[in-house]
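Me: I am new to this structure. Please show it to me, and then let us go through some questions.

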Amino acid sequence: MDQIFVALKHWLLGQLATILPAWLLPVVSALMSIAAIIGVFATLFAIMTILERKGLGRIQNRYGPNRVGPFGFLQPAADGIKAIIKEDVVPRAADKVVHFLAPVVLVIPALLVYSVLPIGRNMVAIDLDAGLLFFFAVGAASELAVFMAGWSSRNKYALLGAMRAVAQMVSYEIPLILSTISVVMITGTLSPVKIVEAQSTHAGLLPDWFVFTPWGFAGFILFMISANAEANRSPFDLPEGESELVAGYFTEYSGFKFALFFLAEYLGLFAVSGLGITLFLGGWNSPFAALDFVPSWAWFFAKLLGLIVLFIWTRGTLPRLRVDQLMNFAWKFMIPMVLINLVAAAAWHYVGGGFARWFVSGAIVLGSYLLLGRGLFHGKGITKRTYRYAE
Amino acid sequence: MTPPFAVIAVLTIAAAVAAMTLRNLVHSALAIAVAFIGLAATYLQLNAQFVGLTQILVYVGAVAILIVFAILLTRGGEAPEKSVFSLSWIWGVLVTLAVFATLVWAIKHSFVVERETSVTAPEANVQQIGQALMTRFVLPLEVIGLLLTAALVGAVIIAMKEESVKAKIEDGRSKMDEPANPSSILHPPSSRGGQR
Amino acid sequence: MTPLAGYLILSAMLFAIGLAGALTRRNAIIVLIGIELMLNAANLNFIAFWRFSEHPEALTGILFVIFSIGVAAAEAAVGLALIISIYRHYKTTNVDEVNLLKG
C-alpha cells in the first residue's frame, strides 16, 4: 500500500518499454512525475479554496459558498469555468509582452519547486544533492515575476503593490532561509530526502522530529511566520490590501491570467508548507511506530492539510500589519531570532546527550525570545485593549 | 558542440545583447536576468550544480531585484526620447573590438583548448565544497563575510538621506525638487501612459 | 562533448558584450549591468577551466566562483547605492552629464 504509486509507475514504464524506443523512456518517466504533481496539487488547490472560503465564513459568522453542489463543495469547479470563459482584458497602455509573460513566469517556479519535495517513501521527482538550495533558488525567481506583473500593468496601485510585495519577500526570505540552516547544520546535508531519513527514528514516546527540540520548535515557528509572509497572506497581506491597493500587483489581470496568479499563490503556499513538513515535522514519517501501516504519502498529505487549516485559521484571526510594523518585525525580531536559533542548534549538538542540552538550548531560545520581544514593544506604549461588546 | 550547449549559448548571447541594446531600462534588467539564468544553465551543464544554483539565488533573486529597484528609484522606468548611447560610443566600440580580437587570438593559440573532458565527470558535491570552505579556504571565507558586512553598512550610509549632509551639499539648490514623501519616489508610469 | 574552446568563446563574447554596454551606454545603471556581465563571463571561464582541468578534485575554480559571486553581490549593492546618491544630487543618471568633480 505504501509503495502503490511507485509500483504503478514502474509497471506502466515496463509496459511502455515494449512499445516505445529506449531513449524516450526517461522523458515519459519525467512526464508521468510532472503530471502526477500537477494533478495532485491542482486538486489540493481546489480543495483549499473551498475550505478557506467556508472556514473564513464560519470564523466571520456567515455561511460561505453553499449553492453549487452538496454544501457548496463544487464551487471551485464553477469558479474555474468562470475564470476560463471570462474576457481577458489587457490595459491599452500596458507593456504587452511583459504583461503576458508575468503569470507564466510566476507559475513555472511554483511548480518546479515540487520536484525536490519528498511526498512519500521513494516519492521524489529528482533526488538532488543540493535540493534545499534548488528550492530557494527557483523560488527566488517568483519575485521578479511579481515585479513584472506590477510594472507592466501601468497602474499605480499595481506598481505600489508590486514594490511592497517585492520588498516584503526580499526581507522575509532571509529568516526563511536562515531558519532552515539550523536543520542543515544538525543533519549535515542539503538533500530533503536525507533530512527526512534523519527524522525517521523514535526516541521513547515522541518521534525524532526536529519540531520536538527547542531549536527545532523555535525554527518551525519562525519558518511558518516567514512562509506566511512569503506567500503574502494575512496578516502580511499588505501587497494586496484591498482597502488600499485594490488587488495589489494583479489588479489589471482578468480571466484566466487572474486565476493563474491565484493558483501560483496557493501552489507556493503548499510548497513552502511541504518544505516545513520535510524539515521540521518529519516529512512522510508516521508519529508512532504503531501507525507505520498507514502509507507514507497519506501522512504527508495529512500534515499538509493540518498546516493549511492553520494558515486559514491565522488568516481569519489576525489583523493586517502596517508597512513599518512589518519591516520592524522582520529586521528587529525575526532576523536576530533566527541567528540566535543557529547558536541554540549548535549548543544542542555540542552539549551532548541528556537533560543538559535541553536546558542549554531551551534557555538560549527562550531568553532571546523574551529579550527581543520586550525590545520590540519597548517605548510603544502598548497597553491591553479593552473591548465593549453589544449585549 | 552538443545541441543543449548550442541552445543555451545562443539564448544567453541573445539575452545579453538585448540587455545592452534595449531602450527601456526595465526591459534591459529583465533581459539580464535571462542571461544570468542562461549562465547558470551552463554551469549546471559543466557539473557545477552548487555554483549554478547559487548563481540563480544571488543574481536572479537579489541582484536583478536590486537593479530593478534602483531603476524605479531613479525614475528610469520610461525609455528616453534622446539616444541611449553615450557621446563617445565609437571609441567604446573600437576598444571592445580590440579586446574581443585579442581574446579570440589568445584562445586560438592556446594549447589547452582542444582538451576534452575527462571520462569520469568530476565530483563537486555540497559536502566537499563545505569541507574545502572550512579548511583550505577559511581565510577567504572570513574576508568575504567582512566585505559583505562592510558593503551592507556602506550601501545603507550612501543611500541614506541624511538631513545635515544633504543641507550642506544642496546649499543653494531648491528643496522643492526633492520628493516630498517616499511613496512619490515610485514614479507611477501610468501618468505617462494616460496621455497617449 | 563540447570542447573547452566553445565555453571560452562564449565567455569572450559575453565579456565583449558587457564591455561594449559599459563603454557605450549613457545610463549609469546599464553601465553597472555591463560590469556585472563581464564578471559573470570571467566566472564562466573559471568553471570551464575547473571542469576541463587535470585535477578537478582541488575545487579551486568552484570556490573562486563562489567568492566572486559574493564580491559581485557586494559590488552591485554599493554601486547601485552610489547611483541613487548621484541621482539625488544631479537629478540624472546619465554618465555624460555627471562630469564635475565638485558639485
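Me: In which helix of chain B is B:L133 found?

Reply: This is a predicted model, where local features need pLDDT of at least 70, side-chain atom pairs count only at pLDDT 80 or more, and totals for chains, interfaces and linings use all residues. Residues are numbered from 1 along each chain as its sequence is written, while chains are lettered from A and ligands numbered from 1 in the order in which they are written. Helices are DSSP runs (H or I, at least four residues), as are strands (E, at least two), numbered from the N terminus. Residues 126-134 of chain B form the helix that holds B:L133, and that is α5.

Me: Is B:L133 buried, exposed or partly exposed?

Reply: Burial is a count of other C-beta atoms, placed from the backbone, within 10 Å of the residue's own: 20 or more is buried, 12 or fewer exposed, in between partly exposed. B:L133 has 16 such neighbours, so B:L133 is partly exposed.

Me: Which residues does B:L133 touch, not counting residues up to four places away in sequence?

Reply: Contact here asks for C-beta atoms, placed from the backbone, within 7 Å. With residues up to four places away in sequence set aside, B:L133 touches B:L141 and C:L63.

Me: How many helices does chain B have?

Reply: The pattern along the sequence is α-α-α-α-α-α-α-α. Chain B has zero strands, and its helices come to eight.

Me: What share of the residues of chain B counts as buried?

Reply: Chain B has 196 residues. The buried share of them is 30%.

Me: Which element gives the most to the side of chain C that touches chain B?

Reply: The contact takes 72 residues from chain B and 64 from chain C. On the chain C side, α1 (4-24), α2 (28-52) and α3 (60-90) each give two or more residues. With 21 residues, the element that gives the most is α3(C).

Me: How do α4(A) and α5(A) run, roughly parallel or roughly antiparallel?

Reply: Axes are lines fitted to C-alpha atoms, for helices over the stretch in contact, and angles run from 0 to 180 degrees between N-to-C directions. Helix α4 (residues 96-112) and helix α5 (residues 131-152) of chain A pack at about 160°, with axes 8 Å apart. Under 35 degrees counts as roughly parallel, over 145 as roughly antiparallel, 65 to 115 as roughly perpendicular and the rest as oblique. Therefore α4(A) and α5(A) are roughly antiparallel.

Conventions:
Contact = placed C-beta atoms within 7 Å.
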